[in-house]
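Keep the structure in view while reading.

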Amino acid sequence: MSVPAQTRRTPADFLAARVRNLAPSPTLAVSDRARALKAQGVDVIDLGGGDPDFITPEHIRRAAVDAMNAGDTHYVASPGTPAFRQAIAEKLRTENGIEADPAKGIVVTPGAKAALFEAILALVEPGVDILVLEPAWVSYGPMIEIAGGRAVGVALDPDDNFRVTRDILEAAVTPETRGILINSPNNPTGRVLAADELVAVADLAREHDLLVYADEMYEKILYDGLTHTSMATLPGMADRTLTFNGLSKAYAMTGWRLGYVAGPPVLIEEIAKVHSHSVTCATSFAQAGGVAALTGPQAFIGEMVRAWDRRRRMVAEGLSAIKGITCPLVEGAFYAFFDARETGMDSMALSDLLLREAHVAGTPGVAFGPAGEGHIRLSFATGDELLERAVQRIGDVLGRR
Ligand SMILES: Cc1ncc(COP(=O)(O)O)c(C=O)c1O
């Protein structure tokens, strides 16, 4: 029996509400316009992305090529090759002070993004609130919503250097709160959580029985002698922390798609189920490159960080000389997050103006939550000359102090 024509479903009737209701990314409007301008032949300087401007070191590339040529072109163990999980466990133990069981406490994923997505899908459901410190990376909220949970934005104050305090956290806790997501060094603010801020989060988690999702993606991109402390190493936190990391930023391996999550086996087991039924495994020969990255020479990272440090200073100094802009020196990661509230423009209007008139594409702060309003994020993981030109052009449009 066929369905009468007037009651037939249109393609739009097949959309799942949990995705249909997701807010489209505010960054899309800007990147679409940047692309359109480029297609018209306009010389747009795109500082919207988060991709190191270095090629993956040779020894890592060679390890992957050798693996592929040796026939490593098949499915591998779903949670990751034993060699790569062993290398990750060793790295976590020696660099972070985290004890992760390579057999049961780690899942290797195609990028840290997939690790976060799989973990949230495994552990968040309707009726679960997760606190997200804002400004926050754009994908946390949508991931939580897709899982059916609620992302509760915790607005950090730009006039207090986006500091995390126990009072701010406490005020955001709801009866449904089950977790808190932290990201240090932070994208987009560049803040590195200080010891007292880490303690505030840990105390909150212990007292309210919360799980901490610790995104440590930028742990190696630190300036001015700062060091990274993993949340899982704070007293009592190993059993209630999932540590997320990946090779994209520290090893200039964004296109390889290699990341991982480490934590208590009882949680990892659930994440591994989602992983096995979705991506199966991260790419076999990419994992061979991952082993070379983690176990090989590390000096390359210092060279990249030195280049980014130089650009960080140049961008902060150059932007701060522009009317209405304050650009503090970030503590970590490779983004400038400049404060343009004095221009009187909101971040969408300002990023639009900069794209149209300065031909510089940056990400409006509001894309990272309401707490990012009045700011623009510019990636400085790009060439010195291009950055100098971008700063010059922004100054030409907004005027100088
Ligand atoms: C804060 C943060 N977490 C996670 C990721 C995901 O990185 P990947 O999936 O390349 O490992 C990114 C990438 O931009 C990021 O900025």
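## Helix α5

The buried residues of α5 are covered by elements that include β2 (106–109), α6 (140–146), β6 (211–215), β7 (241–246), β8 (259–262) and α9 (265–278). Helices (H or I, at least four residues) and strands (E, at least two) are DSSP runs, numbered from the N terminus. The structure is a predicted model: local features need pLDDT of at least 70, side-chain atom pairs count only at pLDDT 80 or more, and totals for chains, interfaces and linings use all residues. Residues are numbered from 1 along each chain as its sequence is written.

Helix α5 covers residues 112–123. Eleven of its twelve residues are buried, so α5 is largely enclosed by the rest of the structure. A residue is buried if 20 or more other C-beta atoms lie within 10 Å of its own, exposed if 12 or fewer, and partly exposed in between; C-beta atoms are placed from the backbone. The buried residues are A112, A114, A115, L116, F117, E118, A119, I120, L121, A122 and L123. The length of α5 also fits: at 1.5 Å a residue it should span 16 Å, and its end C-alpha atoms are 16 Å apart. The expected span is 1.5 Å times one less than the number of residues in the helix.

## Ligand shell

Which residues come nearest to the ligand? Of the 13 around it, they are G111, A112, K113, G246 and S248. A residue is near a molecule if its C-beta atom, placed from the backbone, lies within 6 Å of it.

By class, the shell holds three nonpolar, eight polar and two charged residues. Ala, Val, Leu, Ile, Met, Phe, Trp, Tyr, Cys and Pro count as nonpolar, Asp, Glu, Lys and Arg as charged, and the others, Gly among them, as polar.

## Two domains

The chain is assigned domain 1 (15–46 + 300–394) and domain 2 (74–295). Such bounds come from an automatic or database domain assignment. The C-alpha centres of the two domains lie 25 Å apart.

Across the boundary, 28 residues of domain 1 are in contact with 29 residues of domain 2. Contact means that the C-beta atoms of two residues, placed from the backbone, lie within 7 Å. On the domain 1 side, the elements giving two or more residues are α1 (17–20), α11 (299–320), β9 (335–339) and β12 (375–379). The largest share, six residues, comes from α11. That side of domain 1 has 15 nonpolar, seven polar and six charged residues.

## Helix α11

The 22 residues of α11 should span 32 Å at 1.5 Å a residue; its end C-alpha atoms are 32 Å apart, which agrees. Its buried residues are M304, W308, R311, R312, V315, A316 and L319. They lie on the same side of α11 because they cover an arc of only 135° around the axis. The arc is that of the directions from the helix axis to the C-beta atoms. An α-helix has 3.6 residues a turn, so residues three or four places apart point the same way.

The buried residues of α11 pack against β9, β12 and α13 (384–398). The face turned away from them carries the exposed residues A299, G302, E303, R306 and E317. L329 sits in the loop between α11 and β9. Leaving aside neighbours within four places in sequence, L329 is in contact with R312, R313 and A316. L329 is partly exposed, with 15 other C-beta atoms within 10 Å.

## Backbone features in loops

Two cis peptide bonds deserve a look. One joins E134 and P135, with omega about 5°; P135 is in the loop between β3 (129–134) and α6. Another runs from S184 to P185, with omega near -10°. P185 is in the loop between β5 (177–183) and α8 (195–208).

The loop between β7 and β8 holds A252. Phi of A252 is near 55°, a positive value in a residue other than glycine. R257 lies in the loop between β7 and β8, and R257 has a positive phi of about 60° although it is not a glycine. Buried or partly exposed: what are A252 and R257? A252 is buried, with 22 other C-beta atoms within 10 Å. R257 counts as partly exposed, with 19 C-beta neighbours inside 10 Å.
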